[in-house]
Amino acid sequence: MNKIIVTGCKGQLGIAINKLYEGNREIELVNTDVEELDITDIGKVLAFVREVKPYAIINCAAHTNVNACEKDVDNAYRINAIGPRNLSIAAAETGAKLMQVSTDYVFAGNGDRPYTEFDATSPLGVYGGSKLAGENFVRDFAKNYFIVRTAWLYGEGKNFVKTMLRLSETHDKVRVVKDQMGTPTSADELAKAIAYLLPTDNYGIFHGTCEGDCSWADFTKEIFRLAGRKTVVEAITTQEYEKDNPASAPRPAYSVLDNYMLRLTTDFKFADWHDAIAAYLKND
Ligand SMILES: NC(=O)c1ccc[n+]([C@@H]2O[C@H](COP(=O)([O-])OP(=O)(O)OC[C@H]3O[C@@H](n4cnc5c(N)ncnc54)[C@H](OP(=O)(O)O)[C@@H]3O)[C@@H](O)[C@H]2O)c1
């Protein structure tokens, strides 16, 4: 049986990967989170990967709190950059494939058309900067790797959808930004793309988000509509939001990703974001 090491298995993507491979007789997942395998520790990573001898490593571990990363810079770089470096070195040594997950926040978001994998990166904050450093380490040290950039991820765990639903229980109105555009992506959809790519030799960088785009305000309206909530969404500008939340990290205004490499090299298609959020709320 082929073994796949999953790091950060307790996070949103880790849980979705586990759901997807459940009952699969050809794949054995070796699940780890920070207690079993702290990816920032090169010695532990090398020893663990040498012992397991996996066919692949799916790195679901990350420091994903965008605001906290601005203050917690060293930890952001340890987890989001040194972590994937360590996994890359171990993967290259043992012949394992590496699946690294990255983000739309590697882009500045000052354009007006979706980014392809061939566009130049230019992160605005520490989270995006540390994730880009992680991508670069993977490119430097891993041999057989996939880097899948995703965005606005929601699954089991803490996420924007859960926050908005919780707020709607106590608020008649929520203020949400209307001038940051992106694509909400369900962790289940991303897990399917990962499982599609992993057995192939179709290596490289991929954009992997649901289809379509919207603002955070539009997304919230759709969540409330589907969940039957009466809470009103007041669409505000980023400037207004930052006045109320001065500790907020800078975020790209337009970070819509075009899944160009998937389209050019595979027949894999993500669901439209409307369908994905509807499926998520139905199963929740
Ligand atoms: N969430 C988003 O909106 C979003 C958007 C774009 C891209 N992404 C990327 O998608 C991937 C999956 O994100 P996610 O939302 O599933 O993340 P998540 O829910 O925050 O899960 C990350 C997991 O990694 C664990 N972890 C933290 N430090 C670790 C370490 N040193 N060693 C091992 N595990 C560690 C976390 O544990 P603790 O909870 O104890 O820290 C958590 O269980 C990440 O690469 C992320 O950067 C996410």
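At what angle do helix 1 (residues 12-21) and helix 7 (residues 187-197) pack? Before the answer, a word on the model: it is predicted, so local features need pLDDT of at least 70 and side-chain atom pairs count only at pLDDT 80 or more, while totals for chains, interfaces and linings use all residues. Residues are numbered from 1 along each chain as its sequence is written, and side-chain values use heavy atoms, with hydrogens and water left out.

Two packed helices are described by the angle between their axes and the distance between the axes. For helix 1 and helix 7, the angle is about 60 degrees and the axes are 8 Å apart. Here axes are lines fitted to C-alpha atoms, for helices over the stretch in contact, and angles run from 0 to 180 degrees between N-to-C directions. Helices (H or I, at least four residues) and strands (E, at least two) are DSSP runs, numbered from the N terminus. On the helix 1 side, the contact (heavy atoms within 4.5 Å) includes Gln12, Leu13 and Ala16, and helix 7 brings residues including Leu190, Ala191 and Ile194.

Now let us turn to the ligand. It is surrounded by 25 residues, and the closest are Leu13, Asp33, Thr64, Tyr127 and Lys131; a residue counts as near if one of its heavy atoms lies within 4 Å. Helix 1, strand 4 (97-103) and helix 5 (126-141) each supply at least two residues of this shell, and strand 4 gives the largest share, 3 residues.

In the side chain of Gln12, an N or O atom is 3.0 Å from an oxygen atom of the ligand. For Tyr127, a side-chain N or O atom is 2.7 Å from an oxygen atom of the ligand. Ile39 takes part through its backbone, with an N or O atom 3.1 Å from a nitrogen atom of the ligand.

Helix 2 (residues 42-52) and helix 4 (residues 73-94) cross at roughly 35 degrees, and their axes come within 9 Å. Among the residues in this contact are Ile42, Val45 and Leu46 of helix 2, together with Leu87, Ile89 and Ala90 of helix 4.

How values were computed
A polar contact is a pair of N or O atoms within 3.5 Å; within protein, one must be able to donate a hydrogen and the other to accept it, and residues adjacent in sequence count only if both atoms are side-chain atoms.
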